[in-house]
Amino acid sequence: MSSTTASVEQTHGGTHGGPRGSVSGTPHRGGGRRGAASLVPAAQRPAHGNENDGRQIKVISNHFEFGIKPNQGTIYHYDVILPEGKSSASEIFEILNTLQAAEPELFSRPGVYDGRRNLFKTFELPFEGAREFVVPMGPVEYRVTLTHVASINTELLQSFIQGVQSHDNSVLTAITVLNVAIRMDPKMKWSYSDRSFFTDTEKRDIGRGMVLWRGYFQSVRPAIGRMLINVDVSTAATYKPGPLIDLALEFLGRQGNPNALSPSQLSEWERIRLQGFILGIKVTTSHGQLDQGHQIPRQRVVKKLSSEGASSLAFEVSHGPQMTVANYFRGKLNRPLLYPDVICVELSTGALIPLELCDVPPGQIVRGQVPPDMTPALIEFSKQHPNDRLASIRNGYSVLEYGRSSYIQEFGMVVENEPLGIQGRVLDAPTLKYHPVSKQPTAKPRDGSWNLIDRHMYSPSTVPNWIVIIYEGQQRFDKVAADQMTSNFVKSCGATGMTINSQPTLTRWEQGQGHISQQLQAACDECRHRSGHLPMLIVVILPEEGNSIYAAVKYFGDVTVGIATQCMKSQKCISGSPHYYANVTLKLNAKLGGVNAILEPQDVSFLTDPENPTIVMGTHVVHPASGSVDRPSFASLVGSIDNNAVRYVSTMEVQTSRKELIEAMESMCMYVLKQYRDATGQFPKRLLFYHGGVSEGQFAAVLENEVPLIRSACEKLGIQPKITLIVVGKRHRVRFFPKSASDGDRSGNCPAGTVVDTDIVDPVRFDFFLLSHGGLLGTSRPTHYNVLVDDNNFTADDIQSLTYALCHINARATTTAAIPVPLYYAEIACSRARCHFDPQLHLDLDNTETVTLEAFRQAFQQTHESMRNHMYFC
């Protein structure tokens, strides 16, 4: 998060923005208190986990420890008033470097600058208040004003990491200074994005005008008794350098045909897509400006694309008549265009430049979303075997030049040259119980997985009548394929204890371009005509590109009529993999109200204690795609409705775009609590709440805004359950590597159940890292848990073991989830947001046309009443 004007970048653990001004927390003009310490204290760590609870394991983390030289003293913070019109960080860096070089007596040693409005020095400049400087740069002079706004005592950090100083603005600001210091050298040399830096030493052209670059992430973090730099490998998609016209053609898949960018051949939809892709890109142009007979490339920002070609696009020449762009370049600049019919770019200066006269400098990072069809290539390039990733991180120490940076030395930082070795524990996996008639009625997960062989669902469902609707063409998915799918599907259901009619009441093929709801309604009516009942289940076979059909099917089943739907991809059905059908069966049983497995009650006694009924909740917010305008966010809340915490209900609301905190927290909690009461006959006495999606900088807002709403919801229902609220963080860059290969799993990662609550955790807060899932490809990411509220007085061991157990009851798979299941379900429910809008309204959640938030709220539909007690989102 960033404050509106001149914010200091608070980078401790993913927090962006924060206070300006004095370290005591008094806001400086133009700033705010978004990074301020909470008025409501977070839960404190009761103790570390018992070293005898779980198997000991030695782990290497991707942190480098550093010390700060004694008597480093005070750091001085100066506000930088920028020259008018100069907002680019690279331009301001150049101006400030020129200023400091021009005044060597005043700026005797280098300061560090954050790219916004904050300059930090290790000594006080010899003036009081503010001073204006004139900075000559060639023929232009810039006026820069420096204002002393704060003095920062670095000794506060030592107090904080020893646990005797609170987590307040003064600590956050001191950490910010050190982050700015370690990033100065890389920012001067390489392309960067936020806290990551990229070079072209490792790169891959993935097409569509994009080249992937490898780089490094770095961030200062305080830990117990030490300061650390978290270093990780990063990947960025950059624009392919060279002529802009070639980049545009490659993005659209029209290479070699420049005239494809003329309005006669370029559709408006393609033009808008291309505009969204290159918006904000910097280009160089070489026309018109001469210096000693040589053209000087000028780097300027693309604002938008014209709708007309250069031969038609006219503008008013200063003190003259209108002229087309093509005629202007031919007549005024003696630069006749090779492709006069091609569209132009409008630059930030307002100038209209033909595409063929623009070049793209290397190393520019694509700021928007990578197109979905490019995502697999991005993932393939990004993933690294744990050993390879650790080697890259070790190499990062040299690349980032911690031992040679004058800025790091100036701020007294001495960085160790090896990643930090730490102590971890591997928790025992819980036991899962299946139906007692099973040949194997229990399962003990190993490396985060188990299987369904010889196991019946704990509570299997019955499907008396069902129908099949096929949206794949009959030439690709004929009657033989349909019959084979039916046989495999029924066989898989039977193998897990479900009872299902061996044949669907009807099977029919439909056109995906038609009215989906009408087609499904007609099929349901035909089923009722044949069997006397509506179907209990609609199985839908989708083509490979069937996202719009999927959304319409879910809207019909979940919202309109309240009938369970199960979609399957045609190619998956044809392959006939038993594993695929088994996973389908798992999801289906949960949708129909069945229970796949439960946790052994003695392993989760906190949940199963009959004297203290407990509800487990999870919440998540999903935001519109990058670049989307006036599109809402969606918040979901999921809660358990049984004493085994395996059956869940959900509720979802539309909310203000990109707002992470949940606006309707009170009403959503009340809804879920009532559902729990209706299902169990009583309200809970304990509430375990897993909150996803918020950064460390928002903990205060959760404590001050959301927790009171949760308590208020309970009070309005006449109850006062003991609440434990845990923030679940996935957007971090902490990684673990087994020190010994014998301690790793088959993928080379630390084994499922690895927990760390010492060495690298917060000096004060109650937090821990847990790797709950087994490794597959690349390096696994542990999940970071911060206990903010703990009325239940958990020990570290108890909350860690319970959290790990809750990762095992995923109804969609026989593998552990990376996060507790209630939160995982909340994420799935959020991802289904577009399925709650009538497809006939054509409300596009990704487009940029103006639609009000209220219009989305009015159009959003809750699930059908008959589905509300079912896990329809599975």
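Author: What follows looks at the aromatic rings and their partners. This is a predicted model, in which local features need pLDDT of at least 70 and side-chain atom pairs count only at pLDDT 80 or more, while totals for chains, interfaces and linings use all residues. Residues are numbered from 1 along each chain as its sequence is written, and side-chain values use heavy atoms, with hydrogens and water left out.

The structure holds 24 aromatic pairs, where rings of Phe, Tyr and Trp (its six-membered ring) pair if their centres lie within 6.5 Å, and planes under 30 degrees apart count as stacked, over 60 as edge-to-face and the rest as tilted. One of these is the edge-to-face pair of F93 and Y113, with 5.2 Å from centre to centre and 80 degrees between the planes. This pair links distant parts of the chain, since F93 belongs to helix α1 (residues 89-102) and Y113 to strand β4 (residues 112-113), 20 residues apart; helices (H or I, at least four residues) and strands (E, at least two) are DSSP runs, numbered from the N terminus. F93 and Y113 are both buried, that is, under 20% relative accessible area with a 1.4 Å probe, protein chains only, where exposed means over 50% and partly exposed in between.

F768 and Y785 instead form a stacked pair, at 5.0 Å centre to centre and with 15 degrees between the planes. Here F768 lies in strand β40 (residues 766-771) and Y785 in strand β41 (residues 783-790), 17 residues apart, and both F768 and Y785 are buried. Elsewhere, ring pairs join Y648, Y824, Y825, Y872 and F873 into a cluster.
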